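User: Hi! Could you walk me through this model when you have a minute?
Analyst: Happy to. Let's bring it up.
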Amino acid sequence: MGITQVACCLPERQVTTADLQRRVTVASGLPLPAGMFAQTTGIRTRRVAADDEYASDLAIGAGRLVLEQAGLDALDIDLLLFASATRDMIEPATAHVVQAALGGRAHALDVTNACNSFLNGIDLARSMIMAGRARRALVVTGETPTRSMRPRLDGMAQARRAFAGYTFGDAGAAVLVEPVATGGILDVDAETHSQHWQAGGIFGGGSRHPRGDEHTYFTGDGHRLRGVFEKIGMGLVERVHHRTGLTWDDYARVLVHQVTMPYLQRFVEVAGVPVDKLEVTVPELGNMASATLGVQLARVRPMLRPGDRVLLLGLGGGVSLMTMVWEVS
């Protein structure tokens, strides 16, 4: 089972981090240090969806590109997964919005697990095909986390809780998953530490906080999340190396979920991964939530050749970590 096509879709609107901080500063009336957002995150710009552009639109754009590249019609798909931290609405599943636009009739549902949603979606598609429940799956994500940025801060204490939200950028991605003769998805692993679920998130929209803007903004402890990922992440990577026998030298590319440049630099330092194997997207596009790995994969795909192996490493609130080893067919 393998990934046979991949595409991404980015909003046209670009917002610089300097402009973002300027707007927050004016709205808040706080004396934020000049350049604080950019210096702390290493993010220069990010894409932001238009007011009338939704998570489904970014997923639809990427999905259409994948179908076009594969020479397929939406009716050739029998499983459609919208795998994203963001969605258009609580009900119905955003997968139906995507499918209606594409014109398919597949079994359609949403998969959500914070920034690991897209990787979880690919694994679920693979599993369902292996179980005989589907023949060909389209997995899409559409992320608009910039809408969870707090536009106004009431003080520095709130700024610390809200700061992780200012790393976000919007994007969509899609992959086609189907049987392949060689290569494909060789290994999948995951580790979950749910006791840290309160470390960060968007806590509104469910039964705990069904109404009101206060809980629709991202809040969290970035230092705590980073500490958790550092503590448990390397154990997962080491397990993959031990189980597969693959070392960094065996991978053509290593794709990592990217929150900020300091996070990424710390990963490189601790893991020892060669920097030239990474696809660094965070300075230009910010933290694109679950679309991060899809955008990176779409960018590196033209340079990959049959037999090349790619390691994908996902990190998500909750807290969950996930790895996937893919060999180009």
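This is a predicted model: local features need pLDDT of at least 70, side-chain atom pairs count only at pLDDT 80 or more; totals for chains, interfaces and linings use all residues.

User: Nice. Which strands does helix H5 lie across?
Analyst: Helix H5 (residues 117–130) lies across E1, E4, E5, E6 and strand E7 (171–178). Its direction is at about 15° to E7.

User: Okay, the sheet itself then. What's the strand order?
Analyst: The order is E1-E7-E6-E4-E5, an open sheet of 5 strands with mixed pairing. Strand E1 (2–9) and strand E5 (107–111) are the edge strands, each pairing on one side only. From one strand to the next, the twist averages 15°.

User: In what sense do E4 and E5 pair?
Analyst: Strand E4 (residues 79–83) pairs with E5 in the parallel sense, over 5 bridges. As one example, Phe-82 has Asp-110 in E5 as its bridge partner.

User: Switching topic: where does Arg-150 lie?
Analyst: Arg-150 is in the loop between E6 and helix H6 (156–162).

User: Buried or exposed, and why?
Analyst: Arg-150 counts as buried because its relative accessibility is 6%, and the cut-off for buried is under 20%.

User: So what is Arg-150 in contact with?
Analyst: Leaving aside neighbours within four places in sequence, Arg-150 is in contact with Val-24, Gln-158, Ala-162, Tyr-166, Glu-214, Tyr-217 and Thr-219.

Terms used:
Residues are numbered from 1 along each chain as its sequence is written. Side-chain values use heavy atoms; hydrogens and water are left out. Two strands pair if DSSP finds at least two bridges between them. Helices (H or I, at least four residues) and strands (E, at least two) are DSSP runs, numbered from the N terminus. Axes are lines fitted to C-alpha atoms, for helices over the stretch in contact, and angles run from 0 to 180 degrees between N-to-C directions. Contact means heavy atoms within 4.5 Å. Buried means under 20% relative accessible area, exposed over 50%, partly exposed in between (1.4 Å probe, protein chains only).
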